[in-house]
Amino acid sequence: MTGSLVFFLLGGASYLAGRSYDRQADKLASVPRIREFKDLEPLLKSQNRLMVALRGNVGSETPMNCEFSELQGVVVEKTVLKYFLERIKNEDKDKKEDEKKNKDKDEKEDKKKNKDKVDEWRKDYEVLHSTSKQVPWYLDDGTFRVNVVGARSAKGFYCTHRYAVFEPSKSWHGVETLDDLENLPYITKGKEDRQVLGVKRIERVLPIGTSLSVIGEAVKDGNGTIRIQRPDGGGPFYVSPRTIDQLTEVQRGDARFFYGGSVVLTLLGVADIGLHFL
């Protein structure tokens, strides 16, 4: 009976999660959509703050020039990874093999075998350093500009373009390009504990001209500048390449998934009770 109780509890939790996603979808669908940005100014004359949903193209007065591409971006994230091969130490396996060996075996022969043994290597990496830069930016639909503040903490935000270069190690031959690194098997062979393959530099960019949807709070300051930000009183805050309809549908899809999980778990609980009585 304990198992059925667990199924019922998990089913209830799954149903509540579905309800939460449904409510979030309802909130997104209820946010007023601004078709032309110029309509924001008269709307904010009657109220200081207003939840809005809009879509426009990224722009900036001071964009950054990207290092690995010819793009200009408003958000640039850089990560440097050092890739290496590290010997897999299977001590338990070696111990069992040693126990099976004849104790009277000549020690010199064992040393010779260990010397000639080819161990497995695992491809791995470590982060050397990571940086992120951002400049003030706005959305523009051709009728008006709206500044976007705090976008990196919004749901759905990510840098839409990714570039990577590989700098091979001079002490390792056979991995010279990024394709060589990607195609190198995860498990390979070697005779040393650790071997550096090289350095991979990754650049993620949100470039000028990217089409984005923003759902948040519109505020007009004393200079007449309108910005979109995270709502002070709580509420949805999205910055995403997806359209507003797509954002809403994602929430609906998650709700359907958890509703379905709730039904399955409840049925399993009922089946468990039936099996118990049988």
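A residue counts as buried when its relative accessible area is under 20%, as exposed when the area is over 50%, and as partly exposed in between (1.4 Å probe, protein chains only). By that rule, 33% of the 278 residues of the protein are buried. This is a predicted model, in which local features need pLDDT of at least 70, side-chain atom pairs count only at pLDDT 80 or more, and totals for chains, interfaces and linings use all residues. Residues are numbered from 1 along each chain as its sequence is written, and side-chain values use heavy atoms, with hydrogens and water left out.

**Figure 1. Overview of the protein.** The secondary structure consists of six helices and 12 strands; these are DSSP runs (helices: H or I, at least four residues; strands: E, at least two), numbered from the N terminus. A contact means heavy atoms within 4.5 Å. Of the contacts between residues at least 6 apart in sequence, 80% join residues at least 24 apart.

**Figure 2. The packing of helix 1 and helix 6.** Two packed helices are described by the angle between their axes and the distance between the axes. Helix 1 (residues 2-30) packs against helix 6 (residues 244-277) at an angle of about 165°, with the axes 7 Å apart. Axes are lines fitted to C-alpha atoms, for helices over the stretch in contact, and angles run from 0 to 180 degrees between N-to-C directions. The contact of helix 1 with helix 6 has 17 nonpolar, 12 polar and six charged residues. Here Ala, Val, Leu, Ile, Met, Phe, Trp, Tyr, Cys and Pro count as nonpolar, Asp, Glu, Lys and Arg as charged, and the others, Gly among them, as polar.

Figure 3. Gly-260 lies in helix 6 and is partly exposed, with a relative accessible area of 34%. Gln-24 belongs to helix 1 and is buried, at 16% relative accessible area. Beyond its neighbours within four places in sequence, Gln-24 touches Lys-155, Pro-236, Tyr-238 and Gln-251.

**Figure 4. The largest nonpolar core.** A nonpolar core is a set of buried Ala, Val, Leu, Ile, Met, Phe, Trp, Tyr and Cys residues joined through side-chain atoms within 4.5 Å. The largest has 31 residues, and Leu-40, Val-52 and Trp-137 are among those with the most contacts inside it. Elements that give two or more residues to this core include helix 2 (40-46), strand 1 (49-59) and strand 9 (194-207). Strand 1 gives the most, with four residues. Leaving aside neighbours within four places in sequence, Leu-40 is in contact with Ile-34, Val-52, Leu-54, Val-146, Ala-218 and Ile-226.

**Figure 5. Glu-203 and Ser-213, two buried residues in strands.** Glu-203 sits in strand 9 and has a relative accessible area of 1%. Its C-alpha atom is 5.2 Å from that of Tyr-163, which is 40 residues away along the chain. Ser-213 sits in strand 10 and has 0% relative accessibility. Neighbours within four places in sequence aside, the contacts of Ser-213 include Leu-54, Arg-55, Tyr-238 and Val-239. Ser-213 and Asp-245 are 32 residues apart in sequence and 9.9 Å apart from C-alpha to C-alpha.
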